[in-house]
Amino acid sequence: MKVRRFSLAFSLVFFLAFSSMLLVFLKANSEKEKVQNGFMGLGLPVLSVETEGYKAVKNREDYKKATFTLLLQDKKNLSGSCKIRGRGNSTWTTFDTNKRSYLLKTADPISPFGMALANKWVLQANVTDKTSLRNVFAYYLGAHVFNSCGWSPKTQFIVFILNGKILGLYGFMEKAEIGEGRVELSDGDSFLAEANERYGQRQNRIWNFTSKQGIDISLREKDGKEPDYYKRAEDKLKAFEDILYSADFLAEEKGWKAYADIDSFVDWYLLNEFAKNPDGRMRNSCYIRWKEEEDKFYMGPFWDYDISFGNNNDSDCREPEGFYINTGRWFKRLFEDPVFKDSVAKRWKECSVSLEQSLLLLRSLAEQMEAACNLDDKIWQRFGYRQWPNAPGYKDRISYKDEVDYLLKWCEDRMKWLEKNFN
C-alpha cells in the first residue's frame, strides 16, 4: 500500500513538473514566434544564410561554405553561393556578448542598396552599442560633414537569419578595403595602412610593423604585390613619421605639410575628437593612405565607432568634456603647428551648423529603428544589463529610448564643450 501511495505521489509530482516545463517551452516558443513575426512585419530587408550541412560558424579564421538569399523591399531578391566566417574583435573575445559579427563573401559580386559592386560584406552586430546607431552616425558624418577623407562606408539595416535562426537586427555594411567603389588607389605603390594594436595577438594582415613612436601598423593587401612593395610602404610611412617629429616639421618644403593632405588630417581629427574615439590615438582602426601620384598622405577612411560617443567606461572617454585625440601620439605633435591648429578651429566653425542638423537626423533615424531595436532586445536582452563597455548609468537605461536620449545628450554636451574650446 505504501509503495502504491509513493508511486501515485511520484507520478503526480512528475506530471506537475512536466506540465510546468511544457508551459515554459510553449511560452518560449510563443515569444519566439512573436519576435519572428514582429521582425517580418517591419519591412526591413532580410538576409538568410544557410551553411553547408548547417555547420556552425565558430571563429574568425575558418570560412564555411554556404548559400544566401537577400530579400529586398523592391522584390528584386538576390541569391547565390557564398562563404561566411566570424569577424571583429570584442564581439568574439568579450565574455558578456553572444551576438556576433560576420564577414560574408559572395561567389559573384553584388551591389545591393545602391552600394558599389563587391563580394565582401560586413554583417555588423553592433552588439556593444545598444542604440545600434553609432557606426551609422559616424559614417554619415564622414560622408556629409567631415567629408575630406574620401570614401565612407555605407550601411543598410537588415534582419539576419543564420541556419534558420533569427539573429536579429544587423548592419549590412561595405568593407574597408582597397578596390573600386571602396578605397580606390592607383596600381603603383599607393597603399592603405591602419593602426592595429592587435596584430601581435592576431596576425590578420599581410604585413605588420611598429613605428618609432610605438604605433603598431598593418598594411592592407593589394592584389598582385610582392613583399618588396610592402617593405617600400613601411619605409615610406616611417619616413613621414620621422619628418613629423623632426626639427624641420614646420618647414614649408621639408616639413610634414609638404607630404600630407591637411584637409583630410583636419577632418579626421575633428570627427574622432567629437566622438572621443578611444581607438583614435592611432591605436586601432585608424586608416592612413599614401597616393603615389601626389606623394601625399591622406587620413581615412573612418571606421569602427561603436564604443565612441560616450559609450565607454574609460575615464578619459566617457565624459563629454575634455580633449582626447590631440593629447596623444601624432595629433599631439600636429597641435604644435599653429597652421594646423588654426585650420581645425576654422573647419569646426564651418561644420558646426551641419553637425547640429545631423543630430536631428540621428533622432529621426532612432525613431525609425526603435521597433526593430526593441525586438532585437527581446533576443539579446541588453537594455539595463551590464555589457562591455559598460557606459556609465547603464543600469538606469532600461529602454531603447533611454539609450538614444543618453547618446543625443552626450553629443549635444560634447558639441557645446568643443564649441567653447575651439573658439
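1. Leaving out residues up to four places away in sequence, Phe309 touches Arg134, Phe137, Ala138, Leu141, Phe274, Ala275, Leu407, Trp410 and Cys411; contact here means heavy atoms within 4.5 Å.

2. A word on the model before going further. This is a predicted model, in which local features need pLDDT of at least 70 and side-chain atom pairs count only at pLDDT 80 or more, while totals for chains, interfaces and linings use all residues. Residues are numbered from 1 along each chain as its sequence is written, and side-chain values use heavy atoms, with hydrogens and water left out.

3. Phe309 also belongs to the largest nonpolar core, which has 93 residues. A nonpolar core is a set of buried Ala, Val, Leu, Ile, Met, Phe, Trp, Tyr and Cys residues joined through side-chain atoms within 4.5 Å. Trp256, Phe265, Phe274, Phe309, Phe331 and Phe340 touch the most other members. Helix 7 (residues 338–380) gives the largest share of this core, 12 residues. Helices (H or I, at least four residues) and strands (E, at least two) are DSSP runs, numbered from the N terminus. Apart from this core lies another, of 25 residues, with Tyr102, Leu104, Ala118 and Leu162 among them. As background, nonpolar side chains tend to be buried together in soluble globular proteins.

4. Next, have a look at Gly300. This glycine sits in the loop between strand 12 (296–299) and helix 6 (329–334). Gly300 counts as buried because its relative accessibility is 0%; buried means under 20% relative accessible area, exposed over 50%, and partly exposed in between (1.4 Å probe, protein chains only). Neighbours within four places in sequence aside, Gly300 is in contact with Cys149, Leu192, Trp268, Tyr287, Ile288 and Arg289. From Gly300 to Arg289 the C-alpha distance is 7.1 Å, and the two are 11 residues apart in sequence.

5. With a relative accessible area of 2%, Ser132 is buried. Beyond residues up to four places away in sequence, Ser132 touches Asn126, Phe157, Leu169, Cys373 and Arg382.

6. Now for the charged pairs. The whole structure holds 25 salt bridges, each a side-chain nitrogen of Lys or Arg within 4 Å of a carboxyl oxygen of Asp or Glu. One of them joins the side chains of Lys99 and Asp376 (3.1 Å, N to O). Lys99 lies in the loop between helix 2 (90–93) and strand 4 (101–110) and Asp376 in helix 7, so the pair ties together parts 277 residues apart in sequence. Lys99 and Asp376 are both buried.

7. Glu194 and Arg220 form another salt bridge through their side chains (3.1 Å, N to O). This pair links distant parts of the chain, 26 residues apart: Glu194 is in strand 8 (residues 191–196), and Arg220 is in the loop between strand 10 (216–219) and helix 4 (227–244). Glu194 is buried at 5% relative accessibility, and Arg220 is buried with a relative accessible area of 9%.

8. Finally, consider a pair within helix 7. Lys346 and Asp342 both lie there, 4 residues apart, about one turn of the helix. Their side chains meet in a salt bridge (3.2 Å, N to O). Lys346 counts as exposed at 53% relative accessibility, whereas Asp342 is partly exposed, with a relative accessible area of 39%.
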